[in-house]
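Thanks for coming. I have one structure to go through today, so please look at it on the screen while I talk.

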Amino acid sequence: MLYEFKGHRPSVDPSAFVHPQAAVTGNVTIGRNVYIGPGAAIRGDWGGIVIEDGCNVQENCTIHMFPGVVVRLKEGAHIGHGAIVHGAVIGRNCLIGMNSVIMDNAEIGDESIVGAMSFVKEGEKIPARSVVVGNPAKVVKAVSDGMLQWKTSGTAIYQALPEEMRDHWGPLEEGVQLPSRPKESKSPQNKRYDYQPWKERRTDERNVSEPAAAYGRGDEEERHHSIEEYFMMEKESDFKLEYHKGQIRVMASAKFDHNIICTNLQFRLRLRLDGKPCESIAGAMRVFVEKEDLFTYPDAMIVCGEPEFYEN
């Protein structure tokens, strides 16, 4: 439903779809091909809200602000189920994961991905094409070309949805008898579904799933990073990052058994190296393998002779 407040009325482009169970109030501008899902609360009562072309605000999201602030969702922004955007600016073609919270005066750079259930604190400035996770949220890696293509394809489904909703959606009339489920459909494992709401067929046959959290996903096309970018990201990250020939990966945390094995190995290495001009080093130190263009954190390593350091 649309509501006016103190003379301000929502402006909604005719190509957009606002679910009647959403509440859009006051100084709100909604652009072309925008989808607003049921349960969304978009309150332009104390300030303004601008939702640019091709955005979607999914079920049970909240968009609001402190007095005098303009919240802006730039073109193609994708706000996942249950997320809260309060007084922030969401960049072009960003993905905000389900149940995430973006606080006042935060700015999410263009083409960034915020993981599900992340908390971006007040005033945080996220660089463009960043993968952000955690509470508080931290940049853990860059968005690769493959990840961005995957996100854009998922958002395209929602950009086509407003027209489909106008053409095919509607409440059931009271007293309508619902059809019973056919017996042959009780085991749908062998049934093939070719639901393709987007207008242009993809050039490949992979399924396009809704983007919830793109980090940790394998990609065919990756952005090439410099070593300087790697050092900068590592400095800002709460996680250990590995660099290999231009690609950056978050290293997995070690489990209990893994650490026991490493401790036992370290103990045996020190016994074997006793009296030799070598030292065994635990996995907390980063090592550079120049031949492989690799920076990583091995579980154990042996340094013989005078150690050499890469830029201190």
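I will take the cysteines, then the salt bridges, then the backbone, and end with a surface patch.

A word on the source: this is a predicted model, in which local features need pLDDT of at least 70 and side-chain atom pairs count only at pLDDT 80 or more, while totals for chains, interfaces and linings use all residues. Residues are numbered from 1 along each chain as its sequence is written, and side-chain values use heavy atoms, with hydrogens and water left out.

Cysteines, then. A disulfide here is a pair of cysteine sulfur atoms within 2.5 Å, and the structure holds 1 of them. The partners are C278 and C304, with sulfur atoms 2.0 Å apart. The pair links distant parts of the chain, with C278 in strand β23 (residues 278-282) and C304 in strand β26 (residues 300-304), 26 residues apart.

For burial, I use relative accessible area with a 1.4 Å probe and protein chains only: buried means under 20%, exposed means over 50%, and partly exposed is in between. C278 has 14%, so C278 is buried.

Next, charges. Side chains of opposite charge can pair when their charged atoms come close. The rule for a salt bridge is a side-chain nitrogen of Lys or Arg within 4 Å of a carboxyl oxygen of Asp or Glu, and by this rule the count comes to 10. I will go through some of them.

R9 pairs with E4, and the closest N and O atoms are 3.3 Å apart. R9 is exposed at 61%, while E4 is partly exposed at 48%.

E52 and R72 form a salt bridge with closest N and O atoms 3.1 Å apart. E52 sits in the loop between β6 (41-51) and β7, and R72 sits in strand β9 (residues 70-73), so this pair ties together parts that are 20 residues apart in sequence. Both ends are partly exposed: E52 has a relative accessible area of 25% and R72 has 30%.

In the salt bridge of E111 and R92, the N to O distance is 3.5 Å. E111 is in the loop between β15 (107-108) and β16 (113-114), and R92 is in the loop between β12 (89-90) and β13 (95-96), so the pair ties together parts 19 residues apart in sequence. Buried or partly exposed: what is E111? E111 is buried, at 16%, whereas R92 is partly exposed, at 35%.

Now the backbone. N135 and P136 are joined by a cis peptide bond, with omega about 0 degrees. P136 is in the loop between β19 (130-134) and β20 (137-142).

N60 has a phi near 65 degrees, which is positive in a residue other than glycine. N60 is located in the loop between β7 (56-57) and β8 (62-64), and is exposed at 53%.

D293, not a glycine either, has a positive phi of about 50 degrees. This residue falls in the loop between β24 (287-289) and β25 (294-296), and D293 is partly exposed at 24%.

Helix α1 has 24 residues. From first C-alpha to last, α1 reaches 34 Å, close to the 34 Å expected, where the expected span is 1.5 Å times one less than the number of residues. Where does α1 bend? The bend is at L161, by about 35 degrees, and a proline, P162, follows within four residues. The bend at a residue is the angle between axes fitted to the seven residues ending there and the seven starting there.

Last, the surface. L172, V176 and L178 form a nonpolar patch with about 310 Å² of accessible area together. Patches take residues with over 30% relative accessible area and no salt bridge, joining like charges within 9 Å and nonpolar side chains (Val, Leu, Ile, Met, Phe, Trp, Tyr) within 5 Å. Areas come from the Shrake-Rupley method with a 1.4 Å probe, and for residues only the protein chains shown count as cover. V176 lies in the loop between α1 (145-168) and α2 (227-236), and is partly exposed at 42%.

How values were computed
Helix = DSSP H or I, 4+ residues; strand = E, 2+ residues; numbered from the N terminus.
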